[in-house]
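Biologist: Before I rely on the labels attached to this structure, I would like to go through them with you one at a time.
Modeller: Please do, and I will set each value against its definition.

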Amino acid sequence: TLESHIDCEGIQKQGCAAISQIMRLGECRDELVEHGAINATLAAMKCHSLYSGVQEEGCRVISSVLASNGAHRLEALNHADCLARLVDVMKYHSSRSSVQEQALTCVAQFIAYCEPNKVAFARAGGVHSLIHVMKEKAKHETIQKLGCEILLSLARSKNTVDYLNACNAS
């Protein structure tokens, strides 16, 4: 009942943690998706954008969905909203290593094989946020590795490079 307690960040964090755990175990994944667990997670992340606990657990839910290999589950992720939430996490929680690791893991999964998601990430300000996080966490090996993986994936995308060049020209 995340929706009925949207204003309570503690309940939102615990709810997202429970959804994430169930998704990782593989049981009831489809039922969670059908009953709006993904949308509830994204709503919790949006409502509590400055609360790192909700963001970290929300990223775990997204990561579990992305790793689940269920096309209908992936379709349940509103790609634009999901990318916006991930960019917000990168912007507002750059000093929190554990949160950044979760967010960057999601971004890497989200854009790995999907050209439109790469461009959408760039359009949402993701590249600037990523560079900021990498500067902030210059000595954090995992964050640097994930950041480089994301940048390499973006650089291999002609559409993303064209978009970024157009931004720089204007």
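Biologist: Which residues is Asp7 in contact with, leaving aside its neighbours within four places in sequence, and what does contact mean?
Modeller: Asp7 is in contact with Cys47 and His48 once its neighbours within four places in sequence are left aside, where contact means heavy atoms within 4.5 Å. This is a predicted model, in which local features need pLDDT of at least 70 and side-chain atom pairs count only at pLDDT 80 or more, whereas totals for chains, interfaces and linings use all residues. Residues are numbered from 1 along each chain as its sequence is written, and side-chain values use heavy atoms, with hydrogens and water left out.

Biologist: Why is Asp7 called exposed?
Modeller: Asp7 has a relative accessible area of 68%, and exposed means over 50%, with buried under 20% and partly exposed in between (1.4 Å probe, protein chains only), so Asp7 is exposed. Asp7 lies in the segment before helix H1 (9-25), helices being DSSP runs of H or I with at least four residues, numbered from the N terminus.

Biologist: What makes His93 a buried residue?
Modeller: The relative accessible area of His93 is 4%, and His93 is therefore called buried. His93 is found in the loop between helix H6 (79-92) and H7, and, not counting residues up to four places away in sequence, His93 touches Ser49, Leu50, Tyr51, Ser52, Gln55, Val99 and Gln100.

Biologist: How do you know whether Ala103 is buried or exposed?
Modeller: Ala103, which lies in helix H7 (residues 97-111), has a relative accessible area of 0%, so the residue counts as buried. Beyond its neighbours within four places in sequence, Ala103 is in contact with Cys59, Leu86, Val89 and Met90.

Biologist: Which residues touch the most other members of the largest nonpolar core?
Modeller: Of its 42 residues, Ile62, Met90, Leu104, Phe121 and Ile150 do, and the largest share of this core, 8 residues, comes from H7. A nonpolar core is a set of buried Ala, Val, Leu, Ile, Met, Phe, Trp, Tyr and Cys residues joined through side-chain atoms within 4.5 Å.

How values were computed
Helix = DSSP H or I, 4+ residues; strand = E, 2+ residues; numbered from the N terminus.
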